[in-house]
Amino acid sequence: MNLPNKLTVGRMIAVPFFVVLYIMGFNVTATIIFILASATDWLDGKIARKNNLVTNFGKIMDPLADKILVYSAFCIMVENMTIPGWALIVILAREFTVAGMRTVAASEGIVIAAAMSGKIKTVLQMVAVPLLILGDIHFIVVYIAQGFFWASMVMTIYSGVEYVWKNKSVFSM
């Protein structure tokens, strides 16, 4: 297994540690783990592209690891009422729609690349999570965190609509 794939697996292994620490109220430690895990997303992609180490495993598992990390945080945030449940439903509906379309396309031998809007959505989410966790540090952080979260919601909806529109031919397969 190459280094980028090891970083992706490491991101997935970090999730239960992040979740347990966050649930137990060790917010600073949980945030550090989340930030380090999020940084591996950027790092594994950079290493894979630079050293021509892009693999099918990485193409599938890298975005999945991102989703597991971010959406586990959002699930806890719904439980502790940091974010509204309906927002998580919108996020998950977008993800299931995109995943379903990719599966149908893949069954026909078509690979649909991620769009920039989806990447922006992920970055906004990865910035929002630690800010939302640490929002009790100062009231200004709460406003900044909410700004990033709602910007990520706008990008979630936009990227979902863009994805469906650009790939509507999948529906006729």
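This is a predicted model: local features need pLDDT of at least 70, side-chain atom pairs count only at pLDDT 80 or more; totals for chains, interfaces and linings use all residues.

Trainee: How are the rings of Y71 and F74 arranged, then?

Mentor: Their centres are 6.2 Å apart and the planes make an angle of 25°, so the pair counts as stacked. The cut-off for stacked is under 30 degrees.

Trainee: And where do Y71 and F74 sit in helix α3 relative to each other?

Mentor: They are three residues apart in helix α3, residues 56-79, so about one helical turn separates them.

Trainee: Which cluster do Y71 and F74 belong to?

Mentor: Ring pairs join Y71 and F74 with W86, F149 and W150.

Trainee: Tell me about F149. Is F149 buried or exposed?

Mentor: Buried, with a relative accessible area of 0%. F149 is in helix α6.

Trainee: What does F149 touch, leaving aside its neighbours within four places in sequence?

Mentor: F149 is in contact with F74, I83, P84, A87, I91, A128 and L132.

Trainee: How far is F149 from K46?

Mentor: In space, 25 Å from C-alpha to C-alpha, and in sequence 103 residues.

Trainee: Back to the pairs. How many aromatic pairs are there?

Mentor: The count is seven. One of them is F18 with F34, a tilted pair with 5.4 Å between the centres and 50° between the planes.

Trainee: What does the pair of F18 and F34 tie together?

Mentor: F18 is in helix α1 (residues 3-23) and F34 in helix α2 (residues 27-50), so the pair links parts that are 16 residues apart in sequence. F18 is buried, at 0% relative accessibility, and F34 is buried at 0% too.

Trainee: What about K168 and the ring of W165?

Mentor: The charged end of K168 sits over that ring of W165, 3.6 Å from the ring centre.

Trainee: OK, new topic. What volume does the largest pocket have?

Mentor: About 1700 Å³. It is lined by 49 residues, and the closest to its centre are G58, K59, D62, P63 and A114.

Trainee: Which elements give two or more residues to that lining?

Mentor: Those are α1, α2, α3, α4 (85-107), α5 (116-133) and α6 (139-166). The most comes from α3, with eleven residues.

Trainee: How does the lining of the largest pocket split by class?

Mentor: There are 25 nonpolar residues, twelve polar and twelve charged.

Notes:
Residues are numbered from 1 along each chain as its sequence is written. Side-chain values use heavy atoms; hydrogens and water are left out. Rings of Phe, Tyr and Trp (its six-membered ring) pair if their centres lie within 6.5 Å; planes under 30 degrees apart count as stacked, over 60 as edge-to-face and the rest as tilted. Helices (H or I, at least four residues) and strands (E, at least two) are DSSP runs, numbered from the N terminus. Buried means under 20% relative accessible area, exposed over 50%, partly exposed in between (1.4 Å probe, protein chains only). A charge sits over a ring if NZ of Lys or CZ of Arg is within 6 Å of the ring centre and within 35 degrees of the ring normal. On a 1 Å grid over the protein atoms alone, a cavity is a set of points where a 1.4 Å probe fits but cannot get out, and a pocket is an open set with protein on both sides within 12 Å along at least five of seven lines; lining residues have an atom within 4 Å of a point. Grid points are joined across faces, edges and corners, and a volume is the space filled by probe spheres set on the points. Ala, Val, Leu, Ile, Met, Phe, Trp, Tyr, Cys and Pro count as nonpolar, Asp, Glu, Lys and Arg as charged, and the others, Gly among them, as polar. Contact means heavy atoms within 4.5 Å.
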